[in-house]
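Have it open while you read.

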Amino acid sequence: MATSRANKRQTGNATNPARARKESVKPEKDSLFSIIGMGASAGGLEAFEQFFTNMAPDPGMGFVVIPHLDPTHASMMADLLKRYTRMKVLQATDGIGVEPNSVYVIPPNKSMVLRDGRLQLLVPAELPAARRPIDVFLRSLAADRGSAAICIILSGTGSDGTLGLKAIKAELGMAMVQDLDSAKYDGMPRSAIDTGLADYILPPSKMPERLLEYVKNLQMGAAKVRKPSSARIADALARVFHLLLSHTGHDFSQYKRPTILRRIERRMSVNQIKNVTSYARFLDDSPEEANALFKDILISVTGFFRDGESFVALKDRMRPLLATRPSGSTVRAWVPGCATGEEAYSIAIIIRELMDEMNKEFTVQVFGTDIDEDAIAAARTGNYPSSAAIETGEADRLNRLFVKQDGPYRVRKDIREMVVFAVQDVLRDPPFSRLDLISCRNLLIYLDRELHRKLLPLFHYALNERGVLFLGPSETIGEFGDLFEVLDKKWKIFARKTPAQIGHPGLPPAMVLARQMPPSAARELEAPQRFDVTEIAEKVLLEKYAPPCVVIDGESNIVFVHGRTGKYLELASGQAKLDALSMAREGIRNELASAIRRARSERQDITYAGLQVKSNGGLQSLNLTVRPFVGVTGGRELFMVVFQDMPSPAETSKGKRVTSSEKDRHIAGQDKEIKLLKENYQLTIEELGTSNEELKSANEELQSALEELQSTNEELETSREELQSVNEELMTVNTELQASNDDLSRANDDMTNLLNTTGIATIFVDNGLSIRRFTPAATSLFNLIPTDVGRPLGHITSALDYGMLEKDAEAVLATLTPKEAEAQTRDGRWYRLRLMPYRTRENTIGGLVMTFIDEHAERQRARELSDLAAALDYERSVVDTLHEPFLVLDQDLRVLSANRAFYENFKTSPERTAGRLVFELGDGRWNIPALRKRLEEILSQDTSFEGFEVEQEFPPLGRRKMLLNARRIPFDGGQQRILLAMRDVGG
């Protein structure tokens with residue numbers, strides 16, 4: 001069952017609003033003006049603009065604005081808000097008092113709380129992820145202002161403000177949230193709406209109108225419900241309770257009246273209803289309002305490890321309890337009123353940590369129950385906003401026990417599997433049993449004394465011996481000190497103790513009987529609970545008896561014999577067994593069975609006097625007593641059967657013969673037997689009634705077990721659906737990853753082949769100049785092997801005679817300016833070095849790309865060409881000094897060059913000569929067949945000729961006789977050259 005589970009946790013650094021309230025004298029919260037805490041993050045400025053533009057300049061309220069600000073820069077928020085309102089806008093300073101019609105903005109890099117109407121600035125958490133300035137302020141606002149506290153959650157990412165909203169609602173404040181359509185970023189509004197506690201979900205421009213109406217109705221309606229002095233109001237309240245019962249199935253009439261009245265008053269203000277009679281009519285006409293009131297009463301305000309020191313104390317108290325348990329045993333805990341499950345998971349986490357600490361494994365069952373079905377559904381998912389998950393006490397718990405998802409955190413699977421959630425009304429439904437821990441915090445404070453008298457004995461029944469009861473800081477066991485022992489007075493931790501009488505006036509008899517273990521369970525406990533039967537029996541005999549006796553167990557089996565008992569007991573024929581009832585002699589068998597049943601039922605000595613047992617052919621008078629062992633058997637049921645001989649009738653008459661007719665003796669025997677039968681019949685009826693009670697209790701146990709199984713089945717169904725959904729998501733992701741992997745493989749293959757075919761030595765290094773990748777050509781310059789990836793470049797030997805490589809690389813990383821240089825290897829080969837920044841797709845620098853281009857061959861060719869050009873220049877200068885014309889022909893008989901005498905004598909130019917066939921010169925005058933033949937012979941036969949005479953027209957010289965000399969000259973590359981000289985010998 002759940003009630004308002006107000007989270008009284010501390011806020012900020014060393015902040016305790018509850019203590020602040022106790023140490024200061026303050027007016028009633030209802031007489032205070034309302035203070036509105038407004039939280040926003042990304043997109044918040046636009047929402048603030050719309051809100052304050054539509055807010056009246058004198059609303060009679062104070063506004064505290066808590067945006068997420070950059071802690072390293074000055075804020076202009078206050079200056080910006082001044083443009084949208086005529087109210088006074090200030091950046092908050094430490095100790096400033098909040099006044100109506102004013103706006104206060106949190107400064108950067110600060111947390112802020114409200115104490116006694118004044119703002120106090122605190123140092124924020126060191127880790128940015130742990131900073132929740134909106135939650136911190138709203139919690140302090142709830143503690144300081146109570147029902148006059150109002151929170152507004154606007155656009156932003158994350159979940160900051162959600163826990164603060166719950167705290168506001170726990171104190172009967174009001175919550176407004178920006179609707180998702182108008183929010184630029186819907187993370188914070190969505191998280192707040194998902195709590196189900198928002199009173200209004202509106203765009204910022206519509207909020208001021210509703211806010212003013214709410215505050216007006218709150219002030220006008222105060223105290224109209226709190227003191228129902230008239231019978232009419234009392235009847236209306238009774239009608240409200242009846243309507244709640246009919247709509248929800250839960251009776252709240254025995255909850256503390258002030259708590260319920262405050263909830264009703266708040267709903268009246270939200271719905272702008274001025275009296276409780278009208279509200280009762282409205283409730284009757286609106287099932288939605290009945291559910292809203294139900295939710296208001298069950299405000300699910302909880303958290304992980306509430307009051308962290310109390311959970312440290314609980315862990316210390318649980319440690320010795322679990323230390324005695326062997327691995328493999330079962331540990332059971334129950335958290336009634338668990339709300340959305342944070343406390344149940346906190347208990348499971350503590351047990352998990354104790355198991356790790358002790359190196360043991362238990363079967364852990366933590367039952368979280370509540371009457372709020374929505375809260376239970378949320379608890380089963382194990383999903384919590386980051387603001388809630390971060391508050392797990394120890395720093396590493398968040399990483400160890402939670403999994404970060406897209407937005408929320410999720411409790412780790414093995415912790416979720418320890419906890420079973422179920423809908424249960426602790427006031428009406430059967431409880432769980434054989435528990436090691438019950439954590440019932442901030443539930444009893446909302447219930448009246450009669451419900452306390454019902455629940456605390458119920459908890460006592462449900463706990464194992466020395467089981468732990470964990471209550472809230474404002475709760476106590478009251479008049480039930482005989483049921484519980486105080487373990488920690490400050491943090492309200494108690495241990496179950498066994499009172500003098502099993503049971504209690506507040507506990508139903510059926511539950512007491514159900515607490516008795518069946519024989520099979522008792523036998524299982526015999527081994528670890530060893531005791532000396534002989535020592536116990538002798539001790540009792542010495543104190544009480546001297547006559548013969550036997551000790552029997554609950555099944556009448558003899559476990560100890562004292563004295564001579566043969567006159568009373570004898571072994572029966574057949575298979576040997578030590579059953580006292582089977583061994584009893586004639587005359588005491590029925591009485592012994594009756595005495596055992598009565599002793600078991602009445603728990604006191606049962607004596608049958610004047611019995612006669614047949615022994616050795618005669619009759620022996622005796623008194624038969626059955627005495628139960630109480631409190632000394634370690635839980636085992638034992639009885640002592642005592643046989644006390646009495647004088648025979650002859651001895652009692654002192655020798656006088658007593659005569660009696662046979663008929664009288666027969667009648668006396670019949671009467672005695674009838675009396676015994678009546679007693680046995682009465683015992684049988686009583687045992688039947690006890691059995692019926694046991695069956696009833698067993699039925700209740702089975703019902704509880706059925707509910708547990710049903711809840712487990714629901715959990716399994718939820719898990720199946722989750723697994724199916726996860727499987728579908730994984731299939732989609734796998735397909736996408738496969739496609740991406742294929743693309744990446746192809747791109748990697750293309751890149752590898754490209755780098756390998758270029759033959760350029762390339763090395764990729766990261767920002768620390770460690771090698772990330774290199775091409776095969778790089779191994780000719782650096783002594784690289786595949787395992788060198790990840791090593792610093794400076795650790796690799798190089799063939800380059802260049803000592804500035806690392807400094808140049810660092811300079812390029814620092815300036816992002818590419819660098820080129822020339823470097824020579826120790827064997828004289830030249831390379832061009834180029835260093836370029838490595839840029840990622842996000843345009844970030846991920847290191848360097850070093851390329852080493854081999855320029856040795858190019859340099860060699862350049863040098864050869866230079867030498868050839870110089871030789872040609874030299875030859876040309878020599879040839880130009882000759883007075884006779886001169887031609888150089890290639891292997892195709894084309895003119896490569898001519899000397900100056902040729903150009904001057906034949907009146908031509910290089911442009912008309914170079915590159916042309918020799919037979920095309922002079923407009924074809926040199927096309928002489930004999931000359932062609934001789935030149936071709938030179939090429940094919942490596943011959944030469946001298947004095948070859950040619951006489952013909954040579955324009956512009958006219959008809960001239962020329963003597964031609966030709967020979968082949970060698971040239972590089974196997975090419976052939978012909979040197980053709982000519983001399984003019986006249987006309």
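1. First, a term: a residue counts as buried when its relative accessible area is under 20%. Phenylalanine 51 comes in at 0%, so it is buried. Keep in mind that this is a predicted model.

2. What does phenylalanine 51 pair with? Its partner is phenylalanine 63, in an edge-to-face arrangement with 5.9 Å centre to centre and 70° between the planes. Phenylalanine 51 sits in helix α2 (residues 44-53) and phenylalanine 63 in strand β2 (residues 62-67), so the pair ties together parts 12 residues apart in sequence. Phenylalanine 63 is buried too, with a relative accessible area of 0%.

3. Another pair to look at is tyrosine 345 with phenylalanine 421: the ring centres are 5.4 Å apart and the planes lie at 65°, so this one is edge-to-face. It links distant parts of the chain, with tyrosine 345 in helix α13 (residues 342-358) and phenylalanine 421 in strand β15 (residues 419-423), 76 residues apart. Tyrosine 345 is buried at 1% relative accessible area, and phenylalanine 421 is buried at 1% as well.

4. Zooming out, Tyr345 and Phe421 belong to one aromatic cluster with Phe304 and Tyr384. Across the whole structure, the search turns up 19 aromatic pairs.

5. Now the helices. The axes of α9 (residues 257-270) and α11 (residues 287-297) come within 10 Å and cross at roughly 135°, which means α9 is oblique to α11. The crossing is right-handed.

6. On the α9 side, Ile260, Arg263, Ile264, Arg266 and Arg267 meet Glu289, Ala292, Leu293, Asp296 and Ile297 of α11. By class, that contact has 5 nonpolar, 5 charged and no polar residues.

Note on methods. Residues are numbered from 1 along each chain as its sequence is written. This is a predicted model: local features need pLDDT of at least 70, side-chain atom pairs count only at pLDDT 80 or more; totals for chains, interfaces and linings use all residues. Side-chain values use heavy atoms; hydrogens and water are left out. Axes are lines fitted to C-alpha atoms, for helices over the stretch in contact, and angles run from 0 to 180 degrees between N-to-C directions. Helices (H or I, at least four residues) and strands (E, at least two) are DSSP runs, numbered from the N terminus. Angles under 35 degrees count as roughly parallel, over 145 as roughly antiparallel, 65 to 115 as roughly perpendicular and the rest as oblique. A crossing is left-handed if the near helix is turned anticlockwise from the far one by less than a right angle, and right-handed if clockwise. Contact means heavy atoms within 4.5 Å. Ala, Val, Leu, Ile, Met, Phe, Trp, Tyr, Cys and Pro count as nonpolar, Asp, Glu, Lys and Arg as charged, and the others, Gly among them, as polar. Rings of Phe, Tyr and Trp (its six-membered ring) pair if their centres lie within 6.5 Å; planes under 30 degrees apart count as stacked, over 60 as edge-to-face and the rest as tilted. Buried means under 20% relative accessible area, exposed over 50%, partly exposed in between (1.4 Å probe, protein chains only).
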